[in-house]
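This note sets out, point by point, what a reader may look for in the structure shown below. Please read each paragraph with the structure open.

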Amino acid sequence: MNIDFDKYKIWKKLLQQRINRSNVIEELTIANLCGRYGTSIATSLNIITNNHAHQKYILCNADEGEPGTFKDRHIMLTDPHQLIEGIAIVGATIGATIGYIYIRGEFLEPIAIMKKALIEAYNANFLGKNIFKSGYDFDLHITHGAGSYICGEETAMIESIEGNKGLPRFKPPWTTSVGLYGCPTGVYNVETLANIPDILEQGGKNWNNCKMFSVSGHVNKPGVYKLPLGTAFKDLLAMVGGIKNNKKLKAVMPGGLSSPIIPAEVVMQLHLDYQSLTQAGSMLGSCGLIIMDETTCMVEILLRIAKFYMDESCGKCSPCREGTGWIYRIVNKIYNGYGSLQDLEVLEHISSNINNTICGLGTMASMSVKSFIKHFKQEFIEKIQLGTVVHDQY
Amino acid sequence: MLDIAIELPLEITSEIDAWILKFPKQHKKSAIIAALTIVQQYNGGWLSKELLNAVANYLEIPKIAVYEVASFYSMFELKPVGKYKICVCTNVSCMLCGCKEIASHLKNKLNLNFGESSKDFKFTLKEVECLAACDKSPVMQINGKYFENVTIDVIDKILAELK
């Protein structure tokens, strides 16, 4: 791959202007670029920029582990230089001279592509010492995990880079003041950083606020779709070619596995933006839409979700460590037909009590359980009344 | 745990040294995940206690710190694995697209359950979480290489080619 020299022109311009920080932050504020939970990026940039520590870091979170989400892998495979430019720009803005891209250990192909792109960028002096003779140094390194969902949480990721188990840290202090090796650290997602060159090129006002939607499940054309925030779900469904085999839509998880499920009749009326989904009792999260048709067994889906959280709970906080396993055992009981109606109450009780944890993993698990029982209680009751069934073990 | 540590060969230590340079001088420990990954690959896909001790010695950190990391991350194997490590994603998106048939076919064909290795250590079958290729589900990985949109026919073809 040859570097398209059109790339990095925003980076070059920024360095020529001796890194006009306030301008970058202003444009990003106008563009209202948001992170995963709808928090503004400009705010955290501002905090780190105003911190005058001797060393600051920028981390790119490429630990894409959220089931149903594959946009970051797509960006790294198709446009690595855009991402590198975004990291360099944000790094220079906050005053970081060292950056790390933390890529999932399973992503051998994206790691190889990013490594190659990084070498190209160093050779062209887009990174390294005295970039474009501006006197500014910026080093970017690739590092990787080794299979842990929780390392997508920013403080767990920092622990992992420091060479420890990926256990989330208690916050505050926030990473913007005490992050990697105790220094102020900006942690941003791949998609967020890859957007930044575009925003600065088009100007915050003109930026079209597009999000990448990963669509998977029972649809005809699954894939990554770049759409403006606020697109109606109906339109998106038409775009992805509708449901496979002319079946009917049953439910959607709009923000990856950790977002509460929304039944068809509600989701068809929704627009895909942070606010409407929060109002509908779910969240946009990572924009990974998992679409299910009418044949889907909701108890089975919840069982798989519960297993995922049980496996991935890091074990630091008791409510999550014990609660996720307990949820799995009860859902497993119901799925295999040994459940009782009382078990549903227990499930609701457990999920209301997984709180006061350091990170959001346990809360996500309990939100999933609550949403499944709220919308599909009848299916659970049917499974219980049906009694013992032999399922294929997989 | 055994206290015996073996010397890591030069080709391995030079690779680890390159990683150490990425991090600040006083934070050699940061290279641990990379070091274990390199050593695991060198040792045919798994980490013995001797090797864990060797990594601890080389990075000048307590052995327990290495054991902790090696047992926390799911990609590190602490028992011998087969020549071909087959990882099948069984998470929701793949489940909706039929990973159950894929998984049971693999299990029958290899006569293995998830987490088991064949007696001749040719195959290991493993259940993994989302591999972030849900648009091409069902997905599986053989020694790190992705196989997307797999079907039973594709599996038969792949398995026949693996020697």
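1. In this predicted model, Met253(A) stands opposite Ile290(A), a residue of strand 11 of chain A.

2. Is strand 8 of chain A mostly covered or mostly open? Strand 8 of chain A is mostly covered, for four of its five residues are buried.

3. These pairings form part of an open sheet of five strands in chain A, with the order 6-5-11-8-9 and mixed pairing. Strand 6 and strand 9 (262–263) of chain A are the edge strands, each pairing on one side only.

4. Helix 5 (residues 80–94) and helix 8 (residues 190–202) of chain A have axes that come within 7 Å and cross at roughly 80 degrees. Because an angle of 65 to 115 degrees counts as roughly perpendicular, helix 5 of chain A is roughly perpendicular to helix 8 of chain A. On the side of helix 5 of chain A, the residues in contact include Leu83(A), Ile87(A) and Val90(A); on the side of helix 8 of chain A, they include Leu193(A), Ile196(A) and Leu200(A). By class, the residues of this contact are ten nonpolar, three polar and one charged.

5. Val24(A) lies in helix 2 (residues 21–31) of chain A. Why does Val24(A) count as buried? Val24(A) is buried because 25 other C-beta atoms lie within 10 Å, and the cut-off for a buried residue is 20 or more. Apart from its neighbours within four places in sequence, Val24(A) is in contact with Ile89(A), Thr93(A) and Leu200(A). Val24(A) and Val90(A) are 66 residues apart in sequence, yet their C-alpha atoms are 8.5 Å apart in space.

6. On the domain level, chain A is divided into domain 1 (9–202), domain 2 (213–293) and domain 3 (298–386). The centres of domain 2 and domain 3 of chain A, taken over C-alpha atoms, are separated by 23 Å. Six residues of domain 2 of chain A and eight residues of domain 3 of chain A make the contact between them. The side contributed by domain 2 of chain A has four nonpolar, two polar and no charged residues. Chain B is divided into domain 1 (10–72) and domain 2 (84–161), whose centres, also taken over C-alpha atoms, are separated by 29 Å.

7. How many residues does each chain give to the contact? Chain A gives 46 residues and chain B gives 36 residues. Among the elements of chain A that give two or more residues to this side are helix 6 (108–123), strand 5 (210–217) and helix 12 (298–312). Helix 12 of chain A provides the largest share, six residues. The side of chain A that touches chain B divides into 16 nonpolar, 20 polar and ten charged residues.

Definitions and conventions:
Residues numbered from 1 in each chain as written. Chains lettered and ligands numbered in written order. Predicted model: local features only at pLDDT ≥ 70, side-chain atom pairs only at ≥ 80, totals over all residues. Axes fitted to C-alpha atoms, helices over the stretch in contact; angles between N-to-C directions. Parallel < 35°, antiparallel > 145°, perpendicular 65-115°, else oblique. Contact = placed C-beta atoms within 7 Å. Nonpolar A, V, L, I, M, F, W, Y, C, P; charged D, E, K, R; others polar. Domains from an automatic or database assignment. Buried ≥ 20, exposed ≤ 12 C-beta atoms within 10 Å, placed from the backbone. Pairing = 2+ DSSP bridges.
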